[in-house]
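Morning, everyone. Please bring up the sequence and the structure, and we'll walk through a few spots together.

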Amino acid sequence: MIAHLQGKLVEKTPTQVIIECGGVGYHVNISLHTYSLLPSSDSIKLFTHLQIKEDAHTLFGFVEKSEREIFKMLLSVSGIGASIARTMLSSLDPKQITNAIASGDVVTVQSIKGIGSKTAQRVILDLKEKVLKLYDLDEVSMSQSNTNRDQALSALEVLGFVRKTSERIVEKIIKEAPDSSVESIIKTALKIL
């Protein structure tokens, strides 16, 4: 098993990179989350997961070890292959995925392209305990802040603000003050918007 690669970044696109290590160029599939974290320098280190099938050996790379662990957990779910797991990590950042799984947020998991309601429910059912144990998350506070977040975003949308912009601001507010009420989230967001 290849645990990580460290070498010169030869080529990068939003879905793949080529890393030269000791004169050998490794083609590594990446998520958009990893792409956004790639350093601007030529030297790079990626934690990897090698998937071996009878017709291909495919290497997946991650800047963060935690993203690799989530990728492996997603692969353990029936109906989730490497391409869907990578799409999940490209659509949402790892923290959003773990939060959605921990709080049982089927809608967020289902919003990812290629994930239907049954698969979303299976992901949550299979991984909820693992995620809560691995990341030591408090299930009650997760669902509470998730509800407050959703209510605040809905209110801001009704007030005419663009959802994408509102999401970034609300996430930042919740990160700084996780116990904020819906009203305080909205008031703070309105000052920023």
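When I say helix, I mean a DSSP run of H or I with at least four residues, and helices are numbered from the N terminus. With that in hand, take T34. T34 sits in helix α1, residues 32-37. Is T34 buried or exposed? Its relative accessibility is 0%. Buried means under 20%, so T34 counts as buried. What does T34 touch beyond its neighbours within four places in sequence? The contacts are L46, G61, F62, V63 and E67.

Now, confidence. This is a predicted model. The mean pLDDT for the protein is 86. A score of at least 70 is reached by 94% of the residues. Where is confidence highest? In strand β3, residues 24-29, at a mean of 95. Helix α7, residues 139-158, is the lowest, with a mean of 68. Look also at residues 138-144. There pLDDT stays under 50. For that stretch the model has eight contacts beyond four places in sequence.

Last stop: a helix pair. Helix α8 covers residues 163-176, and helix α9 covers 182-192. The two pack at an angle of about 125°. Their axes lie 10 Å apart. The crossing is right-handed. Which residues make the contact? From α8, we have I169, V170, I173 and I174. From α9, we have I185, T188, A189 and I192. By class, that is seven nonpolar residues, one polar and no charged.

That's the tour. Over to you.

Methods. Residues are numbered from 1 along each chain as its sequence is written. This is a predicted model: local features need pLDDT of at least 70, side-chain atom pairs count only at pLDDT 80 or more; totals for chains, interfaces and linings use all residues. Side-chain values use heavy atoms; hydrogens and water are left out. pLDDT is the predictor's confidence in each residue, from 0 to 100. Contact means heavy atoms within 4.5 Å. Axes are lines fitted to C-alpha atoms, for helices over the stretch in contact, and angles run from 0 to 180 degrees between N-to-C directions. A crossing is left-handed if the near helix is turned anticlockwise from the far one by less than a right angle, and right-handed if clockwise. Ala, Val, Leu, Ile, Met, Phe, Trp, Tyr, Cys and Pro count as nonpolar, Asp, Glu, Lys and Arg as charged, and the others, Gly among them, as polar. Buried means under 20% relative accessible area, exposed over 50%, partly exposed in between (1.4 Å probe, protein chains only).
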